[in-house]
Amino acid sequence: FNALLHAYATRSDSKAAHRLFQRMLDEAEKPDGNSIAAMLRFGSGVESEELLKHMRTAGVEPSERLYNAVLKARVDDADAAAAATDDILERMRADGVAPSTVTYNIALHGAAMRRDADAMKRYLAEMRARGVGLDRITYDILAKHLGRIGGRDAELRDLVTA
């Protein structure tokens with residue numbers, strides 16, 4: 001099943017992948033991390049969260065990679081709010097998966113796209129408090145956001161330079 005799911009994902013054949021995934025579930029085949037990851041390429045944020053439920057039901061160990069894919073799908077969803085991102089981060093930690101720089105970059109990007117400086121400040125503060133380093137991508141996201149708002153947010157600027 002996984003080889004076919006990945007082939008459909010590579011070809012961006014969402015309908016075939018969804019049919020195969022449903023067949024997999026109908027035949028009582030347990031999806032694993034690879035099948036969930038393949039399906040995450042097609043889902044909206046809400047569908048991605050449903051896949052997380054399948055993951056738990058199937059006994060698939062949660063991983064940073066899977067949570068990052070769910071978070072990315074949620075952040076790319078135009079209707080996503082900061083609360084959805086925060087909820088995913090909280091579930092991730094509850095499952096014993098520590099958010100990484102990549103995880104926070106996804107959250108920061110979503111907040112920047114929503115122009116939600118308060119969420120950006122919160123994620124930066126969490127990164128600092130948890131000892132998660134900022135990388136080139138983090139600084140790129142922050143620089144673009146500060147450029148869009150004309151650098152008028154002194155608190156965010158201070159968090160970036162701390």
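Tutor: Start with Asp 87, which is partly exposed at a relative accessible area of 37% (buried is under 20%, exposed over 50%, partly exposed in between, with a 1.4 Å probe and protein chains only). The model is predicted: local features need pLDDT of at least 70, side-chain atom pairs need 80 or more, and totals for chains, interfaces and linings use all residues. Residues are numbered from 1 along each chain as its sequence is written, and side-chain values use heavy atoms, without hydrogens or water.

Asp 87 forms a salt bridge with Arg 91, 3.0 Å from N to O (a side-chain nitrogen of Lys or Arg within 4 Å of a carboxyl oxygen of Asp or Glu). Both sit in helix H6, four residues apart, so about one helical turn separates them (helices are DSSP runs of H or I, at least four residues, numbered from the N terminus). Shared partners also link Glu 90, Arg 93 and Glu 126 into one network of salt bridges.

Next, Asp 86 pairs with Arg 122, at 2.8 Å from N to O. Asp 86 lies in H6 (residues 82–94) and Arg 122 in H8 (residues 117–130), so this bridge ties together parts 36 residues apart in sequence. Asp 86 is partly exposed at 24%. Arg 122 is partly exposed too, at 34%.

Now Arg 11 and Asp 13. Their side chains meet in a salt bridge of 3.1 Å, N to O. Arg 11 is exposed, with 55% relative accessible area, while Asp 13 is partly exposed at 24%.

The count by this rule is nine salt bridges.

Note on methods: Helices (H or I, at least four residues) and strands (E, at least two) are DSSP runs, numbered from the N terminus.
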